[in-house]
Structures are given as structure tokens and as C-alpha cells.
Amino acid sequence: MKQSLFQSSMRRAPYVFVLPFIISVLVFYLYPIIATIVMSFQDVVPGETRFIGTANYQKMFSEDFSKALGNSFKYTAFTILILIPVPVILAVMLNTHRRRTNAAYRAVLFLPSLVSVVVAGTIFRLMFAYSPRAVINAVIVALGGRATDWVLGGAAQAMFLMVMIAVWRWTGVNIVYFLSGLQSIPSELYEAADMDGARPLRRLFSITLPLLKPTIIFVTTISIFGGFAMFEESFIFWQGQSPNNVGLTMVGLIYKKGFQTGSMGLASAIGIVLMVVIFIVSVIALRSFGFFKRES
Amino acid sequence: MALLTKRLRAPEAAKYVLLAMLAILFLFPIYSLILASFRPGRDLMRYGITFASLAPDFFSGNNYAALLTGHSGAYPVWYRNSLLLAFFQTVFTLGFSSFVGYGLGVYQFRARNALTLLVLFIMIVPLQILILPLYKLMTTLHTMNTFPGILLPFIVSPFAIFFFRQYAVGIPKDFLDAGRIDGLNEYAIFLRISAPLMTPAFGAMAILVAQQSWNNFLWPLIVVRTGNMFTLTIGLNSLLTPYGNNYDMLIAGSCVASVPIIIVFFFFQKYFISGLSAGGIKG
Amino acid sequence: MRRFLVLILLITSVAGFNAFATDLTLWTFQELHANFYQSMVPVWNAANPAKQITLKPEVFPYDDLHNKLLVALQSGVGAPDIADIEVSKFANYLKGTIQLAPLNDLLDPIKDKFFQSRLALYEKGGKYYGIDFHVGMEVMYYNNEIMKEAGVDIDKIKTWYDYIKAGQQVVAKTGKPMCTLETTEHWSVYPLFSLAGSDVLDKNNKVILDNPTNVRVLQMLYDMVYKYKIAVATPGGFHHNEQYYGFMNDGGAASIWMPLWYMGRFTDYMPDLKGKMAIRPMPIFDGSVNGIKSSFLSTGMGGTGTAVTLQSKNIPLAKSFLVWVKGSKEGNIAIWQQLGFDPMRWDVWTDPAMREPNKFTRYFQNNDIFGMMVAVKNGLNTTVVSGNYPDVIDILKRNVSYQALVEQSKTPEQALKDAAAQLRK
């Protein structure tokens, strides 16, 4: 009697445990995604909501849109280009026997990620101020260059700013990811390689990198998602109003259209397009990593 | 072996010199913020952080005093709100996420793999894409500008769920069986036996969730309507407007907002690190 | 008995507690506005003991306020009783079913005492939905210390030709630029469109951003930077910015053209210029520069249309307070004295109270700021702010000046044409 009660309790239990998750996925993920799809085919003004077919999708392609898409692409590309190789190398450098020293460096490099994006953005705005006395410009001037307006000086300067703040904040985090990946590589492999007289560079390419691949794939994937979804950093620098849209990202465009001009339908359409873009880029990236191949 | 360490000496020294330079570069922004916070905010906004502003001069601005009084005492309100939100977010998110993650980790049932994949998938979908309908949802639920409105979307965190799941997988079945033999139902087992075993997981996730709540910006920006509900992030952001001149508050306020986390980090470092590591290894 | 009651009410309202008062929430993006409204509450309460109010203003950053308000009005929940809406965003709130309360019942009896063009800014279908602070007459602010150093008499500058010539003299003698041009906002270029007799939209809401007059005006600004070399890009991008205040305060430029309401920025943020600045009418377009000719002496710029939302539970009371504080004689005089704005009621302009000394008259070299403006008041151009105006201004702010003057990625004509093309889609 007791046995069967337990058994049925045991069989039901997992479903009870996961129920909150199911509910929250339905409410906070599934419903919003479906609502976004629906709204993308509507025109939403106070008092009236009407279906307008694919008009939003047709209206979407403007100079603003291509700027936003271009910026998001460039930002994601630059951040991945810097924030994968460099932290990998740093993680390898910090994966040696000097535990305490390495832990200290790891902590210092991790620190920037603790600070909120508002504070980080404020610091960077102040460091990169236009005045020739501001620290970055002061160094440039001392080296013989001219003081630059980083915030308002042009598209290249704006992209540089956004990428720099990302590098500052996320290097430490990526190092932690890669370190944990490195630490799961059995040390016997390295010992065997040493026995064979392998040089450090050879070790890196033949053992470390291949075995680090799952971690690299993981970090790259979240970097793609994070790159295309970037909004806050750009918002802190320009409050959504960058000149000539040098700082406009896809999510910035959604926010602008949705909350500033109240075109929720159009903004939803842009959101759908963004999801599709992220999906395509991720699949391409994963493909090139051989993620979908059946490995032995 | 000894030959190896001697040979590596020069390159290793060079490596640590490089790391040291990098460390200084990374610390510089935070260091300069702390020092600059003692200077008048207006000068900082006009000329930026200059080398001159780095000279420790603790008396030229009264920014820290202004924090308490400025803007009719807004800053302490923001601080209180952020603290309360971080506390409640941690409690609720940990409660629900551990519940779900445990279920996924401990039991063998048909939907298990599918659900785990769903967790991973959700982990990757950024909130920013969902802001519009989420906003409408909150409006319908009458939770705009309320604490629940800010907390709800984050209550079930896929990251935490996954972390707890990994941890739960490692709980020895014998403990669970012992509990069953003693007559406990599954939920009691969770509370009395398993949860205490997962303390390190709770520690790591508590830190992570609290930090994310403390630094949360986009969602509160959308949900909060009145000044007395501002959190630190959106409050500080509102000081960046050129129509006010509370830059003293902005700089000093940024410091006071960041320093607690940094201190917590130094004491609970391993929890921060282990919190991130779980996601990375299995890939 | 009545006096006794009024006394009690006055005392308790001063003490901050007023059991008989209705709470009214107000959103604004300018702390100065909030302070002004708050200062007028005791005056209202004393004059209207049966209709007392307690005002609860909230100050949000500019964009944030407009976003939140729009979303609140669209979703039907969360809007305040009263809200400041800047003129370049107002048209966003006149779409679909308008969620603002018409003010006609209170405004019609007195409306002939106002500058009609300022009332028309917030009108749709014959109904007035918002009421402004001021006329916003565009004027020129000269740093007379620099001008004198260069040997220029500012009273001799009548046309834009004079201005450019004077600018060259200033640069040659002092090394300082004659003026700064905004590159991330529109206050340098847009007023000149209007002064030249042009606009960005015509009466039928068609985009005329790229018409020949506007192209010539923007070309003139481009030439000021690169050909005559008398102008530089505003540090910080726009004139409401700490970098500009610091620059100008340190004597960075010789002049700036902004509306009259910019006086408050000088008094509050550029204290070192006290006693050095002089206000003069705008130079006029007489055909001597780029062939631009117009009969206008100035134009009304900027504005905040304060409105009552339909979500308010106290619409009649909110409307009464609003129309009183911004539409009555005493409200208008207070607007000048406290905020330094040129009020909308022309019958106030000749009131002796307007000539009393205040912090603005003490700051500027002018003996009679208002007298100067009365002379110009019949030559004001107006602007179209309805329909697509928010989108037009948005693109003008963000792209045009920046592309033409900073990046030089497009010629002035190309920048205007591309912006207009995007708007016409």
C-alpha cells in the first residue's frame, strides 16, 4: 500500500517539480514570442488595432534599419574577434601551477563585469571625453596625436567605444569560462605530450584547442546572441539618440520604434527579423565548428 | 623537472609582466572613478576624467554628503529599492529554480531530455527581444511600476535551473532512497535532504542572481514609472540628462553602488567563479 | 469665518498637509518647470480655497518621459494628470483616438490675447490639447567682451552678411570662433529655415525639408565652418550640454543664436559670463548671402505643450489649474520672472511688471530686453509642427547636420535630399 503510494508520488513528482518552469515558459517566453509575431502584422494605435498584413515588413527597410543591422553585425564580429582568442590565451597563461598568483589575476580581470552597465558607461564617457585633458585624449596628445571626439566624432569612434567597453567588461568572464574548460582537460594528455618532447605551441594547437572546442563553441554562441541583443551599452552613451545612428543597434531600433514613436507593430516585425538573423548566424557559426557533424 | 622550471624562467617572468600591465589597465577605470568621485561632478562632466582628477584630493567636492540629500533624498530610496529587489529576486528565483533543476536532475522521466534542451534554448534567447509583449503583459496584469512587475520575468532563470540540475545529478541515490524508506514524500526529501546537500549551488546562484538583479537596467527602465520606485541603475541613468545638474550624485553614487558588489566578490570569489563554470564545461 | 478657514488652509498647505486638497500628478522633463509649477500652487490654493491642490511632479529624462507617456496613453493605464510634452514630440500624441483633454472651454474666452501661432501648435480639429509656456523668440546672444576686443559694434550687425563679416574680424583679432553649430540637435539650422521664410513641412503636411531655400541655408552654415571659417562644431554636439557650458563659460565663442528661453542656461550654468553677454535681434536675410531673402525678423522656437490626460480622475480641476498657471496674466508674468521665458499673452508684454529687474536683467547687458522684443514681435514666422513633424525633426537632429558638417559624408544638398527621401517613404 505504502509502496504504491510512493511509486505514484515518485512518478508524479518530476512533473510537479518542473511545473513552474513550464508555466513560466508559456507565460514569459511562448506567449511573448507569439504575441510579437501577431503584432508584427498589425498597426497598433490607441483605441485601434488592425491587421495590415505584411506592410510592416515592407516598411521596415530604411536607412535606419540598414544602419542598425550593420552596426549589430560589426559589433558582434568585433567582439567575437577579440573576446574569444584573447581570453583563451589569457586562460592558458593563467592555467599554470602558480595557483594563488593566477587566482589573483583572474579576480582582477573579472572585476569589471561586476559593475553595472550604467556605471561602466559613465566611467568610459568620462575617460573618453572630448577635452584634450581627459585621460585617453591626454595620452594620445602626448604621443603626438590630436584629441578625438569619441562619442560624437564618427562611426569608427563610436564602434570603437562600444567594443572597448565590451572588451573591458567581458574579458574576465570569458577567461573564467575557458579556465573551467581547460581544467577539465586531463593532465595526463599534457604529460604524454611532454614526454614526446612537444613544444608549448604544438601543445596549444594539438591538445588544448581541440579539447577546448565545446567551451569555445558555447562562448561563441552566447557571444553571438549577446552581440546582436546589445542595447544597454549603446543606450548609456547616446540615450538612444546617436548622431547619424552611429550607435544604433537592432534592439535599439526596436526600442525606438516601439516606445518612442509608438509603432509597436513595426517594432515587433523588426524583432522577428532580428530573431531570424540571430538564428541564421548561429547555425552558420555552429556549422563551421562542425557542431552538426556526427563525430566519433 | 628542475631543468624545465629554470628554462621557463624568462618567458614566465615576461608573461607575468604582461599580465600585470593588463591588470593595471583593467583596474584603471574603477580606480579613476573612485578618485574622481571626490571632485565636483560638474568639472568631470565638462572635462572628463583627467590625470589631474586622479590626484587624491578628498575635500574639493562634497559629493558624498550630497548623496544623502541631493534630489530631495532620492539616492537612499534607489539604494533601498535595489536592495529589496535583489533580496526578493534571490529568494524567489533560487526557490523556483532549485525546485525545477532538482526535478530535472534527479528523476528519470520521459520529458526529461526535451525539457533540459528547452532550458538550454531559453537560456540563449535574450530578454531584449521580448520587451514589447512582456510590457503589454505586465500592463494587463496590473503590475506596471510594482516590485512584482520587475521581478516576475526573472523568477525562473534557465541558467540557475541548469546549474541546479547539474548539481542534483550528482546527489547519491542512496540518500534519496533512505528518505523514502523513512516515509518522506518527494517534496520533503527535496527540502530536508537534497537542498542541504546543494548548499554550494545555492551559494553560487545566490551571488549570481543578486548581482544580476543589482545591475538590472533594461527591464526596470521599461517598467518603472515613478521616482520612488527607481532602482540604482535607472536612477543613476536619469542623472545623465543635461537638464539637471546632479553630476555630483552621479559620480559618487556610481561608486557607492559598485563598491558593495566588489567587496562581496572578494569574500565569495569561489562562488562567483563556480557559478559561471558549470555552463561552460559541458558545452 | 471664511477668512478663518482660508487661514487654516493656508497654514496646513504650507505645512505640506492639506486634507481638503486634491492630489494632481504631473510629469515633466525639466526640473525648472517642476519648480515653477510647484511655486504657483500656494497662489492657486489661496485664490481657490474650495479647489485646492497638492501637486506631485515627477521629473524624467527627456526621452524617457515621452516614451513612458506615449506607452501609458496607448495602453490606457499609468498616465499622470498633467504632462509636459515638448513641441517636437506633441504630434505623436495626436494620433488615433486622442488621449488628451481638449482645453477649449477654458481657453476660448481668452484666446484672442495670445500669440495665435503658439496656440495653433497644439491644435487639432479645432480643439486645443496643450498650452505652451512661451513664444520662444529666436535671438542672438553676443559675448560682448570678445566682440569689443575684436572691435565689432554688435548694434551694427543687421544682416547675415554683416554677421559673417564681423565673424571674420572676430576670428582674425581674437582667434575665437564667432559661433558654434549644433551637430546632434537642430537649434542651429532649424530656426534659420524659419527665419528664411521656409519650413520642413508645408501646411498640407508634405515634406519640404529639401527645398531650395533650406539647401541654401544649410550651405551657408557649411560655408561658415569650412569657407569663412568662423564657426566650429559645438563641443558635446548640442547647446544643452556640460561640455558646451564649460567651453562657452571659458570664453570659447563670441556668439550663439538660440531662443529667448535659453537665457536661463546662461544664468544657471555660465556664471563667469555675467555682465558680459548682450542679447540682440537676429540678423536678417536680405539677399546678401547665398541669395536668401525673407521678410521675417524672427521666429518662435521650441515649446512645451502641457496637457491634461484623459486618464486623470480630476480633469476639470487639472484643466483649470493648467490654463490658469500658463494662461492667466499672473501666470504669464511669473513665467517671465522665474523662468525667463517670453510669455504667450501679448497683453502682458506691455505690463510694467515685465520691466522689473530680475536675475535675467541683472545678468545681461540689455537695459530693456522686452522693449527690444516688442519691436520685433510683428515680424515672427511660425512653423508647422503637426503630422509627421516628430519624425522630421528626429531625422533633422540626428542625421543632417552631422553628415554635412562633421562627417562631411554628404554635401548639404545631399544630406537634406536623403533625409527627405527617407521621410517620404
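## Helix α8 of chain B

In this predicted model, the buried residues of helix α8 of chain B are P158(B), F159(B), A160(B), I161(B), F162(B), F163(B), F164(B), R165(B) and A168(B). Because 9 of the 12 residues of α8(B) are buried, the helix is largely enclosed by the rest of the structure.

The length of α8(B), which covers residues 158-169, can be checked against expectation: at 1.5 Å a residue its 12 residues should span 16 Å, and the end C-alpha atoms are 16 Å apart, which agrees.

## The four-stranded sheet of chain C

Chain C holds an open sheet of 4 strands in the order β2-β1-β3-β12, with mixed pairing. The edge strands are β2 (53-59) and β12, each of which pairs on one side only, and the twist from one strand to the next averages 20 degrees.

Taking the pairs in turn, β1(C) and β2(C) run parallel and are joined by 7 bridges, with L26(C) standing opposite P57(C) of β2(C). Strand β1 (residues 22-28) of chain C also runs parallel to β3(C), to which 2 bridges join it. The antiparallel pairing is that of β3(C) with strand β12 (residues 304-308) of chain C, where 5 bridges join the two strands.

Strand β3 (residues 82-86) of chain C is largely enclosed by the rest of the structure, because 5 of its 5 residues are buried. The side chains of I82(C), D84(C) and E86(C) point one way from β3(C), whereas A83(C) and I85(C) point the other way, and all of these residues are buried.

What stands opposite A83(C) of β3(C)? That residue is W27(C), while in β12(C) the bridge partner of A83(C) is A307(C).

## A nonpolar surface patch on chain A

On chain A, a nonpolar surface patch of about 770 Å² is made by L19(A), I22(A), I23(A), L26(A), V27(A), L30(A), I34(A), V38(A) and F51(A). Helix α1 (residues 2-39) of chain A gives the largest share of this patch, namely 8 residues.

I22(A), one of the patch residues, has its place in helix α1 of chain A.

Key. Residues are numbered from 1 along each chain as its sequence is written. Chains are lettered from A and ligands numbered from 1 in the order in which they are written. This is a predicted model: local features need pLDDT of at least 70, side-chain atom pairs count only at pLDDT 80 or more; totals for chains, interfaces and linings use all residues. Side-chain values use heavy atoms; hydrogens and water are left out. Patches are made of residues with over 30% relative accessible area and no salt bridge: like charges are joined within 9 Å, nonpolar side chains (Val, Leu, Ile, Met, Phe, Trp, Tyr) within 5 Å. Accessible areas come from the Shrake-Rupley method with a 1.4 Å probe; for residues, only the protein chains shown count as cover. A salt bridge is a side-chain nitrogen of Lys or Arg within 4 Å of a carboxyl oxygen of Asp or Glu. Buried means under 20% relative accessible area, exposed over 50%, partly exposed in between (1.4 Å probe, protein chains only). Two strands pair if DSSP finds at least two bridges between them. The expected span of a helix is 1.5 Å times one less than its number of residues. Axes are lines fitted to C-alpha atoms, for helices over the stretch in contact, and angles run from 0 to 180 degrees between N-to-C directions.
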